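Thanks for taking a look at this one with me. Here is a short note to read alongside the model.

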Amino acid sequence: MRFKNGLWSAFAGCLWAGQFFFYAMGHVYMGNFQFVSWVIHMSMLIFFSYIVGVIMKEWKQVNRDTYVVLVIGLLVLITSFVITTWGSVYGERILHAGH
């Protein structure tokens with residue numbers, strides 16, 4: 001059991017370190033809307049940690065009302081992610097059309 005936990009910890013550490021690498025890599029391509037990349041980054045961290053929690057059955061024994069709130073929160077997060085991404089793409093197009 002300790003070895004398995006050690007592997008999961010090492011995997012989590014690699015993911016945690018890797019997120020900064022990929023964030024920095026994507027940040028440079030955001031153009032005039034680089035500030036949006038932090039919002040997208042944090043939203044995706046929350047989204048994927050929630051999905052991993054569901055896959056690992058961490059939410060299995062929670063109250064139904066709690067689960068409903070979690071699903072609503074996830075839908076709000078996805079909606080905000082889509083709106084923010086669309087807004088940055090649209091804004092970049094407007095800026096480039098003006099030049």
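1. Let us begin with tryptophan 16, which is exposed at a relative accessible area of 56%; buried here means under 20% relative accessible area, exposed over 50% and partly exposed in between, with a 1.4 Å probe and protein chains only. Please keep in mind that this is a predicted model, in which local features need pLDDT of at least 70, side-chain atom pairs count only at pLDDT 80 or more, and totals for chains, interfaces and linings use all residues. Residues are numbered from 1 along each chain as its sequence is written, and side-chain values use heavy atoms, with hydrogens and water left out.

2. How many aromatic pairs does a search of the whole structure find? There are seven, where rings of Phe, Tyr and Trp (its six-membered ring) pair if their centres lie within 6.5 Å; planes under 30 degrees apart are stacked, over 60 edge-to-face and the rest tilted. One of them joins tryptophan 16 and phenylalanine 20: the ring centres are 5.1 Å apart and the planes sit at 85°, so this pair is edge-to-face.

3. Both residues belong to helix H1 (residues 2-27), and being four residues apart there puts about one helical turn between them. Helices (H or I, at least four residues) are DSSP runs numbered from the N terminus. Phenylalanine 20 is partly exposed, with 38% relative accessibility.

4. A tilted aromatic pair is formed by tyrosine 50 and tryptophan 59, with 6.3 Å from centre to centre and 35° between the planes. Tyrosine 50 is buried at 10% relative accessibility, while tryptophan 59 is partly exposed at 29%.

5. Next, have a look at histidine 41 in helix H2 (residues 35-55). Is histidine 41 buried or exposed? Its relative accessibility is 11%, so it counts as buried. Setting aside neighbours within four places in sequence, histidine 41 is in contact (heavy atoms within 4.5 Å) with Gln19 and Tyr23. Glutamine 19 and histidine 41 are 22 residues apart in sequence, and their C-alpha atoms are 8.6 Å apart in space.

6. Finally, serine 88 lies in helix H3 (residues 64-98) and is buried, with a relative accessible area of 8%. Which residues does serine 88 touch, not counting those up to four places away in sequence? They are Met30, Phe33 and Val36. The side chain of serine 88 also reaches the backbone oxygen of threonine 85, at 2.9 Å.

Key:
Helix = DSSP H or I, 4+ residues; strand = E, 2+ residues; numbered from the N terminus. Polar contact = N/O pair within 3.5 Å; in protein donor to acceptor, adjacent residues only side chain to side chain.
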